[in-house]
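Dear colleague,

I am passing this structure on to you, and my notes on it follow below. Please read them with the structure open beside you.

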Amino acid sequence: MSDLPLSDLDAFTAIARERSFRAAARKRGVSASSLSDSLRRLEERLGVRLLNRTTRSVTPTAAGERLLAQLEPALGEVAAALGALDNFRDRPAGTLRLNVPAVAARLFLPDIACRFLKLYPEIELEIVAEDNTFIDVLAAGFDAGIRYDERIERDMIAVPIGPSRQRYVTAASPAYLQERGMPQHPRDLLEHSCIRHRFLSGIGLTWEFERGGETFAISPSGALTSNSIEIELAAAVAGLGIISSFQELLESGLASGQLVAILDDWASEFSGPYLYYASRRHMPAPLRAFVDFLKLERQRAPLG
């Protein structure tokens, strides 16, 4: 009997409570005949008469009274469980896990995350920041990731997040440039000490430059290689070499005069990052809320 249709059991409880097929049908928004069919199927499966019905009245039998007493609490729990799912759809709640580059966690995600959580206080946001850009975020248990366009698999859905355009800037300290001279072309960097960034995966960044349709790429060399922008910045300010990184990360040093921009007419510009995820179908409510939030934010105040 474990395969009894839940709809038939629910129809029986509705009729038994109302003592009327018509009244139960009105509350359920169905026809009285459909409730009658459900009750008939249930009684046939159980082999027990559950309701006595005449033209004047509908009353539970002894078996019906006993079944009703036990069914009502159970069906109430089922209704509560289904209601909880409605909450997930209508009032997003639950956990949203994101895997993001460290630069995103530093530059633009804090502001976005705080505004999102204020809007959806029942969502728990878990952010893991790392520079391993080749991780399979879904296999690792994340709902979505943030990556730049060249790192996003083609079968993923991508939504812009953060600045729409960004620049890489190359810079060095005044003391370093006084001692070693100002590079005039990207190829000159091959004769300089450069501060390199390497991801935890072991992959190092190639420095790319562009001017007037001409592109130039080098694999720099130098005394320091790190995956920590704090260490790289400190080394550049200390005069240990030339650094190339996101403009936002170098702005403070450039503004204070601790760093001087070089090859600025060769600075490369590229499209900003994207939130990416696998499918629009059956998206977890927290992820759907976050995607909708990002789209609305971009409509209101596009980020440059």
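Is cysteine 114 buried, partly exposed or exposed? Cysteine 114 is partly exposed, because its relative accessible area is 48%, where buried means under 20%, exposed over 50% and partly exposed in between (1.4 Å probe, protein chains only). Cysteine 194, by contrast, counts as buried because its relative accessibility is 1%. A search of the whole structure finds 0 disulfides, a disulfide being a pair of cysteine sulfur atoms within 2.5 Å.

Please keep in mind that this is a predicted model, in which local features need pLDDT of at least 70 and side-chain atom pairs count only at pLDDT 80 or more, while totals for chains, interfaces and linings use all residues. Residues are numbered from 1 along each chain as its sequence is written, and side-chain values use heavy atoms, with hydrogens and water left out.

Asparagine 99 lies in strand 3 (residues 94-100), strands being DSSP runs of E with at least two residues, numbered from the N terminus. Asparagine 99 is buried, because its relative accessible area is 0%, and its side chain makes a polar contact of 2.5 Å with that of arginine 147 (a pair of N or O atoms within 3.5 Å, of which, within protein, one must be able to donate a hydrogen and the other to accept it, and residues adjacent in sequence count only if both atoms are side-chain atoms).

Strand 5 (residues 144-147) is covered on both faces, with Ala144 and Ile146 buried on one side and Gly145 and Arg147 buried on the other. Strand 5 pairs with strand 3 in the parallel sense over 2 bridges, pairing requiring that DSSP finds at least two bridges between the strands, and alanine 144 is the bridge partner of leucine 98. Strand 5 also runs antiparallel to strand 15 (residues 274-277), joined to it by 3 bridges, and there arginine 147 stands opposite tyrosine 274.

Methods:
Helices (H or I, at least four residues) and strands (E, at least two) are DSSP runs, numbered from the N terminus.
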